[in-house]
Amino acid sequence: MKKQEYIDAELLSGNKNTGFTVSQIYYSTYQVSKLTSHLELHPKDYSSQLGLRKLLGKRRRLLTYLSNANTGLYVKVLNKLGIRGLKVR
């Protein structure tokens, strides 16, 4: 439960609903940081690299959805997590 408590504490709105888009983005960012540190120790772990790429794609899709649905919350999430925004085409 330590991981879930950390993510709940980081949420902006205090919403503990795990289906909430922001909570999914926070959880996937936590997983990305965990996998990144693992890959620094094990650079040839190709299955973890694949998992990281899938997770980054999922987070990108969630960020796209959030930017279309609620731009203000999207900007707050980006600032809080310290991640880059989406590329505009």
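Predicted model: local features only at pLDDT ≥ 70, side-chain atom pairs only at ≥ 80, totals over all residues.
Which residues lie nearest the centre of the largest pocket?

**View 1. The largest pocket is lined by 12 residues.** R60, R84, G85, L86 and K87 lie nearest the pocket centre. The volume is about 520 Å³. By class, the lining holds 5 nonpolar, 2 polar and 5 charged residues. Rolling a probe the size of a water molecule over the atoms shows where empty space is left.

**View 2. The protein chain is built from 4 helices and 0 strands.** Read from the N terminus, the order of elements is α-α-α-α. The chain has 89 residues, and 31% of them are buried. Among contacts with a separation of 6 or more, 46% join residues 24 or more positions apart.

**View 3. The largest nonpolar core contains 11 residues.** Its members are V22, I25, Y26, L62, L63, L66, L73, Y74, V77, L78 and I83. Helix 2, helix 3 (46-69) and helix 4 (71-81) each give two or more residues to this core. Helix 4 supplies the largest share, 4 residues. In soluble globular proteins, nonpolar side chains tend to be buried together.

**View 4. I83, a member of the largest nonpolar core, touches R59, L63 and L78.** This list leaves out residues up to four places away in sequence.

**View 5. S28 sits in helix 2 (residues 21-41).** Is S28 buried or exposed? S28 counts as buried because its relative accessible area is 4%, under the 20% cut-off. A polar atom of the S28 side chain lies 3.0 Å from the backbone oxygen of I25. Beyond neighbours within four places in sequence, S28 is in contact with L55 and R59. R59 is also touched by I83.

**View 6. S67 is a residue of helix 3.** The relative accessible area of S67 is 18%, so this serine is buried; the limit is under 20%. Where does the S67 side chain reach a backbone oxygen? That oxygen belongs to T64, at 2.8 Å. With neighbours within four places in sequence set aside, S67 is in contact with Y74 and L86. L86 is among the residues nearest the centre of the largest pocket.

How values were computed
Residues numbered from 1 in each chain as written. Heavy atoms only, no water. 1 Å grid on protein atoms, 1.4 Å probe; cavity = no way out; pocket = protein on both sides within 12 Å on 5 of 7 lines; lining within 4 Å. Points joined across faces, edges and corners; volume = space filled by probe spheres on them. Nonpolar A, V, L, I, M, F, W, Y, C, P; charged D, E, K, R; others polar. Buried < 20%, exposed > 50% of the residue type's maximum accessible area, 1.4 Å probe, protein only. Polar contact = N/O pair within 3.5 Å; in protein donor to acceptor, adjacent residues only side chain to side chain. Contact = heavy atoms within 4.5 Å. Core = buried A, V, L, I, M, F, W, Y, C linked by side-chain atoms within 4.5 Å.
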